[in-house]
Amino acid sequence: MLLTTQSPEETEAIGQKLASWCLNRPEKEKRALVLNLEGDLGGGKTTFVRGLARGLGISHPITSPTFVLSRRYPVKAGNLKNFYHLDFYRLAKEDDRFLDQINFRQIINCSENIVAIEWSERLGRLRPSGLILCFVFKSEHQREITLKGETDLLNQVKAYLYGKSA
Ligand code: ADP
Ligand code: MG
């Protein structure tokens with residue numbers, strides 16, 4: 001599924017819509033819901049996360065955890081308890097030891113978490129399943145966002161955004 005945005009506000013609005021999908025889905029998760037955010041620098045990944053966080057009811061200002069790699073925000077909505085914003089730009093490829101230090105596996109395995117991972121391509125074979133959003137810088141204000149990933153989740157998102165599972 002391909003979405004085109006013409007401004008940061010439009011990209012934030014997609015994040016906000018996906019947050020309301022997360023909050024309204026009846027499915028019970030066994031693990032965290034993961035959004036893998038990939039693609040160009042300046043492509044709008046952090047901008048998207050701002051909208052996502054707002055939609056989850058988080059009022060704290062969002063900046064990318066480029067140096068700390070992981071930041072947690074409490075969420076109070078249904079079964080969700082935590083929003084994790086991860087940014088692996090500085091992660092050496094498939095650095096298992098560092099992932100252990102930030103408790104990556106526990107974060108991913110807990111069904112009370114929603115997790116957005118910038119630069120998830122750095123995880124290689126360790127990238128968790130879930131949705132994949134690929135951001136492409138088209139021109140100063142235009143970005144293309146391609147939604148990929150688990151078919152089941154993709155169909156749910158399409159149905160939520162367009163009211164049908166096409
Ligand atoms: P990334 O996290 O992918 O590196 P950011 O979200 O930090 O990207 O940066 C995107 C930059 O591009 C911001 O300065 C934002 O204001 C600008 N921008 C311009 N048009 C758009 C758009 N359509 N969507 C998202 N960001 C946009
Ligand atoms: Mg970023």
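Two strands count as paired if DSSP finds at least two bridges between them. In this predicted model, strand β2 (33-39) is joined to strand β6 (residues 131-137) by 5 bridges in the parallel sense, and Asn36 has Ile132 of β6 as its bridge partner.

**Strand β2**
- Strand β5 (residues 113-118) also runs parallel to β2, and 5 bridges join the two; Val34 stands opposite Val115 of β5.
- Because 7 of the 7 residues of β2 are buried, the strand is largely enclosed by the rest of the structure.
- In a regular strand, side chains alternate between the two faces of the sheet.
- Both faces of β2 are covered, with Leu33, Leu35, Leu37 and Gly39 buried on one side and Val34, Asn36 and Glu38 buried on the other.

**Hairpin β3-β4**
- Strands β3 (residues 70-77) and β4 (residues 80-87) run antiparallel and are joined by 6 bridges; Ala77 has Leu80 in β4 as its bridge partner.
- The hairpin leaves 2 residues between the strands, and Gly78 in the turn has a positive phi of about 50°.

**Ligand 1**
- There are 19 residues around ligand 1, of which Thr11, Gly44, Lys45, Thr46 and Thr47 come nearest.
- Helices α1 (8-24) and α2 (45-55) each supply at least two residues of the shell.
- The shell comprises 3 nonpolar, 12 polar and 4 charged residues.

**Lys28**
- Lys28 lies in the loop between α1 and β2, and it counts as exposed because it has 7 C-beta neighbours inside 10 Å.
- Lys28 and Asn79 are 51 residues apart in sequence, with a C-alpha to C-alpha distance of 8.7 Å.

Key
Residues are numbered from 1 along each chain as its sequence is written. Chains are lettered from A and ligands numbered from 1 in the order in which they are written. This is a predicted model: local features need pLDDT of at least 70, side-chain atom pairs count only at pLDDT 80 or more; totals for chains, interfaces and linings use all residues. Helices (H or I, at least four residues) and strands (E, at least two) are DSSP runs, numbered from the N terminus. A residue is near a molecule or strand if its C-beta atom, placed from the backbone, lies within 6 Å of it. Ala, Val, Leu, Ile, Met, Phe, Trp, Tyr, Cys and Pro count as nonpolar, Asp, Glu, Lys and Arg as charged, and the others, Gly among them, as polar. A residue is buried if 20 or more other C-beta atoms lie within 10 Å of its own, exposed if 12 or fewer, and partly exposed in between; C-beta atoms are placed from the backbone.
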